[in-house]
Amino acid sequence: MMVSIIMPTYNRAHLITETLDSIIAQSYIHWECLVIDDGSSDNTMVVINKYTNRDSRIKLFCRPESKPKGANACRNIGLEKAQGNYVVFFDSDDLMTENHLEVKVHAMQKYNCDYVITRTEYFNHTSEKLRNYYNFEDFKISKYNYIAQNINWLTLDICIKRDLATRIRFNEALQSGQEYNYFSILVHHSTHAYFIDKVVSLRLYHTDSIRGRIDNEQKLLSGAFKSKWLTYLDLKEITEKEIRVLLLEKCLFYMAKGRNMGYAPKKIDFIKALFSELHVKAIYFFPMWLSFKVSEDKGYFFYKKLIGHSV
């Protein structure tokens, strides 16, 4: 059984050697690694070409100009090129433990399931948040539990049957929250999956300045909103009302916290969705905006603008 490892990369010349070395060192040898460059301006391509010359299992592709920039388009190219029985997504600055693929393939064959989920830890940082990320002891793998984020996993944790993985595409309109969107659709195709309580991925922790985190707060809220809204649109024809309403509630939550949203649907589309799902009860959700940052004029202004009134 061959595994297709799909890896987008951008300006990772200083990091990708360790990543590729960890893949070459795998105890399970039946794999192909599809590296898709996103238009690097450093010598990432030179570094990768040295590896493709050493090991034919490593293959380099470039995102064409006709495709939007970003990891989503690169992963979609990888899904189109994949030849393996299974698909594993990986990042070009993280590391595989030596038994990463062996653990996943063994579990796929043992349980004859559609996908398996493993653990990740940072190799340069201690994080209780990441350790508590996986909550499979308390919640089963289900559509609702993933959408509600009662359970969660990282992109590099999962191994999926190729026939299933390639039925879904990463939403290229998203710059953040794309994994949530992809996996929300995945659990609607299948929840025949198993969690393997083993750490087989080691993630690089990137340190950000406090100022950078503050500056990016609103951008993160905007991205979170966009992810939930587009996921609602992707699922509204195939999922049950409970999940549709949950996604809209999440949208409302991020709208309430966001003082100056960088992304929002046409207000009429969002209001139509609310009333379509909740009918007159939708009116009771609007005060959620005011329950956050009630003293902030901008938040109140956005609330009024959304419901079509002038301030």
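Residues are numbered from 1 along each chain as its sequence is written. Because the model is predicted, local features need pLDDT of at least 70 and side-chain atom pairs count only at pLDDT 80 or more, while totals for chains, interfaces and linings use all residues, and side-chain values use heavy atoms, with hydrogens and water left out.

**Confidence.** The chain has a mean pLDDT (the predictor's confidence in each residue, from 0 to 100) of 87, and 84% of its residues reach 70 or more. Over residues 289-311, however, the pLDDT is below 50, although this stretch has 28 contacts (heavy atoms within 4.5 Å) in the model beyond near neighbours in sequence. Where pLDDT is low, the predicted coordinates should not be read in detail.

**Strand 4.** Helices (H or I, at least four residues) and strands (E, at least two) are DSSP runs, numbered from the N terminus, and two strands pair if DSSP finds at least two bridges between them. Strand 4 (residues 86-89) runs parallel to strand 1 (residues 3-9), with 4 bridges joining them, and antiparallel to strand 7 (residues 158-161), with 3 bridges. I6 has F89 of strand 4 as its bridge partner, whereas Y86 is partnered by K161 in strand 7. In a regular strand the side chains alternate between the two faces of the sheet. Here Y86 and V88 point one way and V87 and F89 the other, and all are buried (under 20% relative accessible area; exposed is over 50%, partly exposed in between, with a 1.4 Å probe and protein chains only).

**Aromatic rings.** Rings of Phe, Tyr and Trp (its six-membered ring) pair if their centres lie within 6.5 Å, planes under 30 degrees apart counting as stacked, over 60 as edge-to-face and the rest as tilted; by this rule the count comes to 17 aromatic pairs. F170 and Y182 form a stacked pair, 4.2 Å centre to centre with 10 degrees between the planes. F170 is buried at 2% relative accessible area, and Y182 is buried at 0%. Both belong to one aromatic cluster whose members include F89, W153 and Y180.

Two rings also carry a charge over them (NZ of Lys or CZ of Arg within 6 Å of the ring centre and within 35 degrees of the ring normal).

| Charged residue | Ring | Distance to ring centre |
|---|---|---|
| R75 | F170 | 5.2 Å |
| K228 | Y180 | 4.3 Å |

**N99.** N99 lies in the loop between strand 5 (95-96) and helix 4 (100-111) and is partly exposed, at 31% relative accessibility. Leaving aside neighbours within four places in sequence, N99 is in contact with Q26, S27 and V200; S27 is 72 residues away in sequence but 5.7 Å away in space, C-alpha to C-alpha.
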